[in-house]
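Morning, everyone. Let me walk you through one model, chain by chain. Please have the viewer open.

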Amino acid sequence: MTLAVFELRRMVRNPLIWAAVVIAVVVEGARASQWWPDLTFVTVRAVTASTLVAGAVLVAANLAAGRDRRGGLPESLGALPSRAPARTRAVLLAAPLAGALAAAAVIVPLVGYALLRGPVAGTFDGWEALNGVALAALAATAGAALARWTPWPFTSLLVIFGFAFLLVANPRGEYGGWALPWIATHDATLGPRPSAAHLLYLVAVAVAVGAVALLRHGPRPVPAAVAAVSLAVAVPVVAQAAHLPKPAPVACRDHDGLTFCPRPGHEPWVAGWAAALRPITSVVPPRALARVPELRQELYGTLPLVWRPGVSETGVAGAVAESAAGLEPGPGCGRARTVVALWLTGRVAALDHERAPANWSWPPGAAGPGDGWHVYPLTESGHTAVVPGRLNGAFYDDADLANARALLRDPGAADRVRAHWTTLTDPATTTVDAAPLLGIEAVTGRGLCGEPR
Amino acid sequence: MEPTLTVRELTRRFGRRTALDRVSLEFGTGVTGLLGPNGAGKTTLIRILATTLAPDGGGVRAFGLDPADREQRRALRRRLGYLPQNPGVYAHFTAFELVEYVAILKEMNDRRARHDEVRRVLAEVDLGDRARTKVRRLSGGMRQRLALAQALLGDPDLIVLDEPTVGLDPEQRMRFRALLSRLGESRTVLLSTHQTEDVTTLCGRVVVLKAGSVVFEGGPGELAARAAGRVWLTTAPPAGTYWRTPDGRYRTLGDRPPEAVPGEPGVEDGYLLLLGAEGVPA
Amino acid sequence: MRALALPLIRAVDWLPLAATVPAVLVGAWLVPAEFAVAVVRLAAALLAAAAAFTLVDAMAATTAATPVPRRVRQWARTLLAALAAGGAWTAAWWLAGVPGSPVGPAGETVAALLLAFAGAGWAVRRAEGRAVALAGAAPLLACGAGTWAPAGVGWWWAVGPLLLLVAAVHDDVT
């Protein structure tokens, strides 16, 4: 036990581990600051960030367990009464504890930061957070086992990079599922993750790996039995692990004339969504707002599952403005209501650097869609919407954009648009016809609308 | 003595600890022994003289060259042989390959001359018949001799050796002393050691360091003379620190114990009295 | 230089690269095409971390006092390792069948190698032992922390400053 305390003291003072803690908190904290906090995702991301600490713990445990084979120590240690199994046991006790502490030092501040920022959606899953702690403990036992079974410190890096590969190439766990140490990406549409079962699995695997480390000192019944029992627990647990049933949907609610339908746990975001769209709802007559369909938060719904300020509102504003102005997907160039819809989106996100898309459909074989297209994040799991232009599929040209910009520069535009709403949103009203009502000098386009440039 | 190597106000710190504190010394042709307890700064001084560590203050000049200057340091290294405390080896090399590798790094570019030189230094350390043996198959003492062999490459003018006799058997130690005393006739040899016997038999001059400062500089006889009248032999165990001699008497240093007879002072007695080792009055 | 290169090739600790290269090549050959980019990027990081071990000189204390400057010895090790790692990465890129130009990924690989050399080069200045070279992986993992470091040709911009950094850590210790 004294040796374990000694190892623990060394581990807790290990600069490699604490440097990893700082980097993980800073990098993930900076990334998280760009998104509205969703505790469900925040917890998963915090655990993913803590895997950097797990890597550091793996290396530290590997070096600690392999210490007695470096620098001519085997000869000196060989004559001591305390044998190698005792040293392995000490590392196996100390390193997981230090690793768990360090992982907690990453996860707790990141979750706390999310709670402080608000409005917080989603639910905090304590089992999920403990997965990070267990991962660090597993990394520690793996480091010790590698030191005992392989003579080179480099093998610890092979394991770390292998794990990194799984995180990067297989983030949703398509291959391996819950048998993987960690699935970094959460797909909220599948329901809550089986975090408690996965925690039990990780702990069982960590114990099994620790027992395997001890088995290096000879085939002994206790470690062999512990390894067998741990695996007997881990295998059925992971075989049955699956996403939990989805929570019951929550009621839609009205706000500023629009109807918002959040996912369960996302009710705190409704006020934020409404505030983001207020530049539109404050100028559109209520009868026009009534035309806007319910804004549903779902995969490929109007409201995304995640929210990145400065990006997400642009996408939602396009859909709301298009519906409010009565636009439909297809050519809308030279129409007053197209200018009005663009003006509405411009009130949410500036049109200064906006260009009409050169192509309104993805050019075949092209790596990217080109100018004028927008990418909006839909989910934490990497789903995005790639949309041509600012309106939800309604075509416009640079002349419409120029007219909308002119309207945005006019402080009295809101009053005039509200006063002449019916005329301006009439499908028959052209921009030239509406120019006196809008108070702008209409710029006219080349006539082609939706044709590739 | 014409100094070949001069050290002025040399200071080196490691964090808050001062390993060398304004040390000034001069070395000429001959063998100089560097004595001192653990942590006295011997290895720090050796490393600075071997140009592998830069001082924080003060300077070194060897053969008119200043190692603080990159080009002059390189020129000095061409005239330097260095045996570090932990030399390290490539265990999968043969003895010949290992020494040849260092010879290449000492810019011995002519292959035939280099091979001759490698064979010469291996013979000097009595490893001529082990040239084709892998280093991993050599004993600890043989590895130490191999490390010494590389320090002798190129017949250097300045030879810096950090604890060179560690691990050598008595016969090898004798050979080593003979070799060094021969080299010391025309070269500057500096050796750091804990073996006062090496100092007694080899060194014309001794420098004792304590806590980063020079506390003695002179001949071995002068160091031994410091113990004159302070070495005693008794038949009963005296107070303080003592050790039993082969003839069953007790040897102690310092003030005369009751019924003690004077003993013959040696370098080690002078050294212990100088440092004021535990139980030994300074 | 040739006289130095031959014993240096033998002196270098090739074991980590020897263990990594086959793993990387087999991985690039076997994994499905959808993972090709990820495999090639991982190969870059893994080969860089392995290459960093070549900077560990078991005889550093002895060779430090030789007239051939430390920067020459360390750059020679760096070039040897970079050639081996670069060759293996090129083979992995070809085996994985990554679509598009290799210019961007190659820049990332060069940057990864230099990052690893800088990390390990800094560490071997300060401490002895083979395990010290693990420090080469630290900057690589730090770059990949939280999110995967961005891909693209932008890594070529980092090569210049990283070369200077490696030159600094390879410089003479005194």
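Chain B has nine helices and 13 strands; those are DSSP runs, helices being H or I of at least four residues and strands E of at least two, numbered from the N terminus. A caveat before going on: this is a predicted model, where local features need pLDDT of at least 70, side-chain atom pairs count only at pLDDT 80 or more, and totals for chains, interfaces and linings use all residues. Residues are numbered from 1 along each chain as its sequence is written, and chains are lettered from A and ligands numbered from 1 in the order written.

Next, the dimensions of chain B. Its C-alpha atoms fill a box of roughly 70 × 45 × 35 Å along the principal axes.

Now chain A. An automatic or database assignment sets the domain bounds: domain 1 is 2–240 and domain 2 is 253–438. Their centres, over C-alpha atoms, are 46 Å apart. How many residues of domain 1 of chain A are in contact with domain 2 of chain A? There are 16, and they meet 16 residues of domain 2. Contact is C-beta atoms, placed from the backbone, within 7 Å.

Last, chain C against chain A. Here 23 residues of chain C are in contact with 21 of chain A. On the chain C side, α2 (15–30), α3 (36–51) and α7 (137–143) each supply at least two residues. The largest share, six residues, comes from α3(C).

How values were computed: Contact = placed C-beta atoms within 7 Å.
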